[in-house]
Amino acid sequence: MSTNFFTLSYKALYSYQNVKTYLTFRVLEPLFHYLFFASMAYYIMGSEYLNFIVIGNVIYMMVHTLIINITVMLRFDKIYGTLPYNIGSPTSTLAIMFKRLLIPIIDTILTFIISSLTVFFIFNIKIEFEMIFPLLLLIITIIFSLCGIGIIISGLGVVFKNVNLFLNLSLGLFQIFCGVNFPLSVLPNGIETIARCIPFTNGLLGIREVITNSAEMNTVLPYIYFEISIGVVTFIISIFVIKTLEILSRKKGVLFFD
Amino acid sequence: MSSIIKVNNLYHEYTIKNNGKKEKKVALKGINFEVKQGEVFGLLGPNGAGKTTTIKILTTLLIPKNGNVTLLDKDILKSPGYIRKNINFMLGGERGIYNRLTPIEYLKYFSLLYKIKIPDNKLMELLELVGLEKNANEETIGFSKGMKQRLHIARVLINNPKIVFLDEPTIGLDPVISEEVRLIISRLSKKNITVILTTHYMQEADDLCDRIAIIDEGEIKIIGTPTFIKSTHSDVKFYEVTCSNLDEVGIFSVEEIRNLAIKTIEGGLKLIRFEYPVTSTIKEVQKEINQFCSIIKINIRDVTLEDAYIKLVR
Amino acid sequence: MIALRLLFFNLIKFTDLRNKFYQWIIFCQPLIFLTILYFMLKVNPAINIDKYIFAVGIISAWSFILYASGTALISEKWGGTFELILGSNTSLFRIVLTKSVCNSLIGLLNICLTILYAQIIYGFEIHTSNLILSISSLIVLIYSLISLGMVLAVLCSLFNNVFEYQNLMVFPFLILSGLFIPVNDLPLIFQPISYVIPMTWSIKSLYDSLIGIEFSYFYLLGGILISSFYFVLTYIFISKIELIFRKTNKIGVF
Ligand SMILES: Nc1ncnc2c1ncn2[C@@H]1O[C@H](COP(=O)(O)OP(=O)(O)OP(=O)(O)O)[C@@H](O)[C@H]1O
Ligand SMILES: [Mg+2]
């Protein structure tokens, strides 16, 4: 029996407990998602955008997996009624949330690997050997900058009754403003600038450079730096938000909403 | 012996929405009490009295609007970290357990949160204490309420707490299981662990608690040992008389006899129950009653905590 | 008359519009998809957009039907009202049918709302080459959504964790029903499956009526026929379920 915090949290709080359901949901759900958006883009924007949209959505699916699963764990705590016992322990809420992040992060990376295979077989999008290192770096940066967002959203769930609205809304905004389904250039000027300052946008731009233009490391470095800086900011915000929410919920006594 | 818990002028109000308008709802109106080390201290009171609110504040889950609380000589607002390490709590009911974990895993999980290393045999000992050693490696999803409640008690002991807070630990349990839980609780106090307990069962409080506070609408009505509460708050004794030839009209007219109930039992005999002021001796009562019936048997019952409680919060 | 009252009662009482998730599907989801559509059309503006606006409406209507009608049967069990229904002499089929009708009417509302959003917020103009045919197609679409809702209610009672499987079902139905890919462009093996889904027929008929190519009543009639077939099928199934429930106290896997 393996009993570290990681395996125990996984067993206690994660949706997919065996390989069969895991694969069903991590192979089929993304696949259907890609097919749907690919068909939409193919008939509206034209066949030349097929790869564009598939790559965008593969990376979007990572974001989706990461954020939903960070949120889901805390929601399970609410459903089980275990939240007060976690929060009332000497380990701070923030520390618990950070420690648990490892699970969705691993899931997200697996999702990416599975999806890379899927899109290779179905859309013939290949990842060359030289791309692996820059891609890995970009993916880690994206994950880093989105963990903050995930923590903020799930933190709101401690205080507010329904966290799904925030969750769906932010996922919708990522689909619109991060260049997932269409190039950023079609956004109005002011909005494009804002779009470039939210997490995920720059990382995705970098990934597109690597896969479609076989870009070298130094071409993508600016994207990485930018994504990391945004990530640091969201991380700091997330720490601030959780600390504030913790105090707020202790003051208002709304910690125990179901 | 010094007090391990000191509660001074504790005041709390919640903001609630009534028809869309924000309103203040006072839950605790400035209560005071102290608890000594090793004591089992009971908080009693009707629904909505403020018991759970008090426990949440003392366990650092809720920040009070006003008042001072010190646990283990530390202020709950200034050193919540230290306090959390040295206390533990359960909030009652069957919730608060991870369905898919086994009891051992559940305890392991919390030992990690409490930052302590506990060897497996120590965990087994805890499970033995609450009688779950046979289920140590079963998923808790199929556990009964009683098993879940007992698992909570095992969890509560995980960090060798000096104070434990048990909010309605026997809620919804059958009499036999409740008795087992009570036995476990009484064992805790023998280990010099201070226990704060809330319950709606008066007999349970009477059996377990060294001292009791009765709260109603956010105020403490009385505080003291069960014996003290019983003695000060009952001016009557309870009588049960088996008799024949009862003059029902006559007996109803006696002023001192209160809450009279009459029941016909076998052989045409009557059983009557009533309260009578404590100032009269049993001889005097017997004489009084004899005017209206022929007494076959007379019993006198002591005041229970329940009687005192009902008088207090009515 | 009773059916009408039951329907009205259901619309008010049971279509839980206070459910935040349904609110999201009805009011917000069309906005997200319309925005994506709006910017995709900026990339390539020279195409017929009417059908895509309807497509966005249908996405929301379908999602709503999938989640709301999909749980129509088992939610009775969860809510503890199932036993009451069996005790009264209203048939289970009729209850599920009324719920499904309500949900499909909300689906229609969803499509209308999407068109309203498209016109007011995004400034799209919507044309149809034959209004009567478009409206007829929409009516058949609603009819097929009702029958599909019935099928889903039965189907979803067979899964253990319904919600997760519902998530899995959202896109495949949309892909196969010819919402964006014309059914003829699908790989050959999938085409028969497409024609088994009742909305495929009415979507095709709706699109044809919008574009104004030669309209074929074949699809309109096909939609009606296949949907009717599902009504019969679910009627048989639900009667079976009712019977099994009396014996085992279980609906499907619940
Ligand atoms: N989160 C909250 N928001 C608003 N009001 C609350 C909240 N929690 C408790 N209250 C109110 O505060 C008062 C005290 O509640 P509390 O839960 O402390 O009572 P209790 O003595 O534990 O009752 P019970 O015996 O029913 O458990 C009640 O009137 C309750 O309605
Ligand atoms: Mg309470």
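This is a predicted model: local features need pLDDT of at least 70, side-chain atom pairs count only at pLDDT 80 or more; totals for chains, interfaces and linings use all residues.
Residues are numbered from 1 along each chain as its sequence is written, chains are lettered from A in the order in which they are written, and side-chain values use heavy atoms, leaving out hydrogens and water.

Now the fold. Chain A has 11 helices and zero strands (DSSP runs, H or I of at least four residues for helices, E of at least two for strands, numbered from the N terminus). Its radius of gyration is 19 Å, close to the 18 Å from the globule rule for 258 residues, so chain A is as compact as a globular protein of that length (C-alpha atoms; the rule is 2.2 Å times the number of residues to the power 0.38). Of those 258 residues, 60% are buried, meaning under 20% relative accessible area with a 1.4 Å probe, protein chains only.

What about the inside? The largest nonpolar core has 240 residues, and Phe36(A), Ile5(B) and Leu179(C) are among those with the most contacts inside it (buried Ala, Val, Leu, Ile, Met, Phe, Trp, Tyr and Cys joined through side-chain atoms within 4.5 Å). Helix H3 of chain A, residues 50-80, gives this core its largest share, 15 residues. A second, separate core of 16 residues includes Tyr239(B) and Ile298(B).

Note on methods
Buried means under 20% relative accessible area, exposed over 50%, partly exposed in between (1.4 Å probe, protein chains only).
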